[in-house]
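Here are a few notes from going through this one.

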Amino acid sequence: MTAPNGRQADATGGDTVSAVVRQWQAVHPGLDTGPMEIIGRVNRCAALLQQAEDAPLRRAGLSRPEFDLLGALRRTGHELTPGDLARETFSSGAAVTKRLKQLTERGLVERRGDTRDRRVAHVRLTDAGREIVDGILPEQLAYETAVLSVLDPQRQGELAGLLGELLGQLEGRLGALRA
C-alpha cells in the first residue's frame, strides 16, 4: 500500500506498531501513517529497551535517573553543578536535587560548596560511586550488544547514522524553538 506522500506503507509486519497502523488505515484509508510507523517504532523500542536494561541497575539498587547522574559525572571526569547535571541528563533541577540527596546519603556522590558563591554546589563521584558505575557499565554494554546482534554490523551502522541524523535535526529544531 502506498501512503499519500508516495512512501510505501509498512503495515504488513508482525510488530505491534504494524497492527496499530493497519487499524488506523482501516478507519482512515487516505491517512499517511508513515510518521507513526517510524515514531511509534522508536518509542516502542525505547520502552522495551528501558524495561530490560534497568535490570542491572535494579540489582545495584539504582534507578535509571540515578545512574544517569552518576554516569554524567563519570564520563565528564570532573565536578558538575546540579544545573550542569540537569542539562546533561535532560532532567529538572528539582529532580536532580532530590536524586543528589539520595545519592549523597548512599555515599555515591559528594557535594562541595563553591568558595566564591555559597549558592553554588559542586558534585563529584566518590570512590564507591565510581566503582558502581564502572561495575554496571560493562554489563549494560553486553546487554545492548546482545540486543543489537539481530542486525549485522553494517545495518547497525546504518541505523545509528539515521537515528543520529534525526536526533541532530530534532535537537536543532527544538533548541531553536526554546531560544
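**Notes on the model**

1. Helix 1, residues 16-27, has 12 residues and spans 17 Å from first C-alpha to last, close to the 16 Å expected at 1.5 Å a residue. Keep in mind that this is a predicted model.

2. Which residues of helix 1 are buried? They are Val17, Ser18, Val21 and Gln25. Looking down the axis of helix 1, these buried residues fall within an arc of 100°, so they line one face of the helix. Helix 2 (34-59) is included in what covers them.

3. Phenylalanine 90 deserves a check. Its phi is near 55°, a positive value in a residue other than glycine. Phenylalanine 90 sits in the loop between helix 4 (82-89) and helix 5 (93-105), and it is exposed, with a relative accessible area of 73%.

4. Now the largest pocket, which holds about 1600 Å³ of space. Its lining counts 38 residues, and Val42, Cys45, Leu49, Leu159 and Leu163 are the ones nearest its centre. Two or more lining residues come from each of helix 1, helix 2, helix 3 (64-76), helix 4, helix 6 (127-148) and helix 7 (153-178). Helix 2 gives the largest share of that lining, with 12 residues.

Definitions and conventions. Residues are numbered from 1 along each chain as its sequence is written. This is a predicted model: local features need pLDDT of at least 70, side-chain atom pairs count only at pLDDT 80 or more; totals for chains, interfaces and linings use all residues. Side-chain values use heavy atoms; hydrogens and water are left out. Helices (H or I, at least four residues) and strands (E, at least two) are DSSP runs, numbered from the N terminus. The expected span of a helix is 1.5 Å times one less than its number of residues. Buried means under 20% relative accessible area, exposed over 50%, partly exposed in between (1.4 Å probe, protein chains only). The arc is that of the directions from the helix axis to the C-beta atoms. Contact means heavy atoms within 4.5 Å. On a 1 Å grid over the protein atoms alone, a cavity is a set of points where a 1.4 Å probe fits but cannot get out, and a pocket is an open set with protein on both sides within 12 Å along at least five of seven lines; lining residues have an atom within 4 Å of a point. Grid points are joined across faces, edges and corners, and a volume is the space filled by probe spheres set on the points.
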